[in-house]
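Here is a short report for a reader meeting this structure for the first time. Please keep the sequence and the 3D view at hand while reading.

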Amino acid sequence: DVLTGLDGRRENNYFELMSPVWFPQPLGWYPAGITFRIRVRTRLPYVPIASGRTVSRRREGDDIVLETRGDRPTRGIAVLGGRFETREERLGDLVIRYHAYAMARAEVLRHLPEITASYLRWFERVLGPYPFDELDVVEIPEPGFGAAPGGMVLINTGPSVARKDYLDPYFSRGFTWRLSHQVAHQWFWHKAAPATGRETWLSESMAEYVAALATRTVAPPPRPYAGLPRTLDGWRAEAMECRDAGSIETATLLSGPQGDRMRRCLLEARGPLVLHMLHALVGDDVFFTALRTLLGSGEGAPATTAALRAALQASLGRDLGRFFQDWYREGGIPELHLASRLDAVAGGYRLTGRLTQSGTTTPKRLVVPLVLDFPGGRREERRVVLEGEETGLAIDLQEKPRRILLDPRRDLLAIVR
């Protein structure tokens with residue numbers, strides 16, 4: 001009865017033991033992960049859910065007794081109870097349980113197994129095996145909520161509620177996005193955790209970015225995803241708010257009235273854009289090979305930006321120090337402007353001009369996609385390297401282009417004028 005709802009009711013409430021840390025631990029003790037056993041007894045109509053592999057679940061009169069254990073070191077251990085209806089399925093050797101709260105929407109729960117399985121298959125294909133033996137997907141009656149204890153996803157499937165004082169873009173997206181983000185944390189937090197606060201983007205930004213890729217690819221019902229370009233536009237609009245707030249590296253050090261807002265902006269908007277720019281620069285094979293290398297360094301191994309950079313450079317064969325200096329250690333968003341002219345010459349046309357950047361304290365190194373749009377739908381792409389404030393270009397063409405486009409796929413974290 002201690003763990004009833006705020007008004008002492010059990011019928012339409014739930015309890016959670018998750019955060020802050022709810023079990024005794026030594027002061028100042030910050031483990032990389034712990035093994036554990038859990039035994040929890042609830043009285044009906046509460047049904048218990050706990051982190052770890054299920055050892056037994058039994059009914060004793062009006063009580064339900066659940067025992068679980070975690071034999072691999074795990075961060076984020078949770079115990080919950082509520083008026084849940086549980087459905088269990090298997091995806092290969094993996095046990096997946098769906099715990100539907102009494103107020104959950106029927107049409108969402110009908111699709112939840114399909115959606116979760118699709119995300120798991122995609123993440124396993126590109127990131128490697130799922131790190132746990134079981135996955136519990138738990139419906140939580142908190143608007144816009146999402147969390148990812150080890151082997152568990154807590155998610156609200158209802159519409160989000162925007163807060164007047166703090167509009168968090170994460171909460172304003174649909175539940176399929178939040179589900180994908182929390183499933184991604186099973187890799188980028190539980191399998192590879194940031195070594196320090198400065199490396200937090202390797203959890204939050206990485207989960208946000210790979211969730212966007214998964215959601216675009218899987219596009220599950222009931223809310224098909226609009227595609228990555230729309231997401232990039234959303235991130236870019238959000239990133240403008242923290243344009244001058246600092247760097248991704250120092251995001252967790254921000255304080256003051258706008259500290260939380262700017263931190264989330266840097267980690268959940270700017271960070272995914274930087275990862276997308278890196279992905280576009282090195283290509284699918286190099287990018288995902290580097291992610292698997294980072295994840296494969298050991299269960300719960302501390303993840304560092306230096307290790308990510310080393311993995312990328314090993315596959316790419318060139319140094320990326322300038323990229324990480326510009327985009328991880330420094331802030332700012334450059335503004336790009338192309339001044340050009342097209343002249344008829346012997347044998348075709350010549351495109352000349354100057355590409356300039358402004359709006360940042362120090363110029364950034366950019367590899368700018370320049371797309372030439374020709375009649376008939378044919379396109380050519382040239383890459384222009386912009387090292388400083390400006391660079392010239394001279395391109396000979398056999399045909400006159402209809403349009404000249406800078407970064408039409410929106411791969412760059414830049415404002416194109």
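The report below starts with the whole chain and then takes up selected parts.

## Overall picture

This is a predicted model. The protein chain has nine helices and 20 strands. It holds 417 residues, and 51% of them count as buried.

Contacts across the sequence can also be counted. Take those in the protein chain between residues at least 6 apart in sequence: 67% of them join residues at least 24 apart.

## An open sheet of three strands

Three strands form an open sheet, in the order β2-β5-β4. The pairing is antiparallel. β2 (34-43) and β4 stand at the edges, and each has a single partner strand, so one side of each lacks a neighbour in the sheet. From one strand to the next, the twist averages 10°.

Look now at one pair in this sheet. Strand β4 (residues 53-60) and strand β5 (residues 63-74) pair in the antiparallel sense over seven bridges. Thr 54 has Thr 68 in β5 as its bridge partner. The two strands β4 and β5 form a hairpin, with two residues between them. Gly 61 lies in the turn and has a positive phi of about 65°.

Strand β11 covers residues 152-155. Met 152 and Leu 154 point one way from the strand, while Val 153 and Ile 155 point the other way. All four are buried. In a regular strand, side chains alternate between the two faces of the sheet.

β11 pairs with β9 in the parallel sense, over four bridges. Here Val 137 stands opposite Val 153 in β11. With strand β10 (residues 146-147), β11 pairs in the antiparallel sense over two bridges. Gly 146 has Ile 155 in β11 as its bridge partner. β10 and β11 also form a hairpin, with four residues between them. Gly 151, in the turn, has a positive phi of about 70°.

## Tyr 130 in its loop

Where is the place of Tyr 130? Tyr 130 is in the loop between α1 (106-127) and β9 (134-139). Is Tyr 130 buried or exposed? Its relative accessibility is 9%, so Tyr 130 counts as buried; the cut-off is under 20%.

Leave aside the neighbours within four places in sequence. Tyr 130 is then in contact with Leu 94, Leu 120, Glu 124, Leu 135, Gly 151, Gln 186 and Trp 187. Tyr 130 and Gln 186 are 56 residues apart in sequence. In space they are 7.4 Å apart, C-alpha to C-alpha.

Helix α4 has 15 residues. From its first C-alpha to its last, α4 reaches 21 Å, close to the 21 Å expected at 1.5 Å a residue. Eleven of the 15 residues are buried, so α4 is largely enclosed by the rest of the structure. Among the buried residues are Ser 205, Met 206, Val 210, Ala 214 and Thr 215.

Two packed helices are described by the angle between their axes and the distance between the axes. Helix α4 (residues 204-218) and helix α5 (residues 228-239) pack at an angle of about 150°, with axes 10 Å apart. Angles over 145 degrees count as roughly antiparallel, and α4 and α5 are therefore roughly antiparallel to each other. On the α4 side, the contact is made by Glu 208, Tyr 209, Ala 212, Leu 213 and Arg 216. On the α5 side, Leu 228, Thr 231 and Trp 235 take part. The residues of this contact divide into five nonpolar, one polar and two charged.

## Helix α8

Helix α8 (residues 305-316) has twelve residues. At 1.5 Å a residue, α8 should span 16 Å, and its end C-alpha atoms are 16 Å apart, which agrees. Gly 317 follows α8 and has a positive phi, near 80°.

Which residues in α8 are buried? They are Thr 305, Leu 308, Ala 311, Leu 312 and Gln 313. These buried residues of α8 pack against α4, α6 (259-282), α7 (284-295) and α9 (321-327).

Conventions
Residues numbered from 1 in each chain as written. Heavy atoms only, no water. Axes fitted to C-alpha atoms, helices over the stretch in contact; angles between N-to-C directions. Parallel < 35°, antiparallel > 145°, perpendicular 65-115°, else oblique. Contact = heavy atoms within 4.5 Å. Nonpolar A, V, L, I, M, F, W, Y, C, P; charged D, E, K, R; others polar. Pairing = 2+ DSSP bridges. Expected span 1.5 Å × (residues − 1). Buried < 20%, exposed > 50% of the residue type's maximum accessible area, 1.4 Å probe, protein only.
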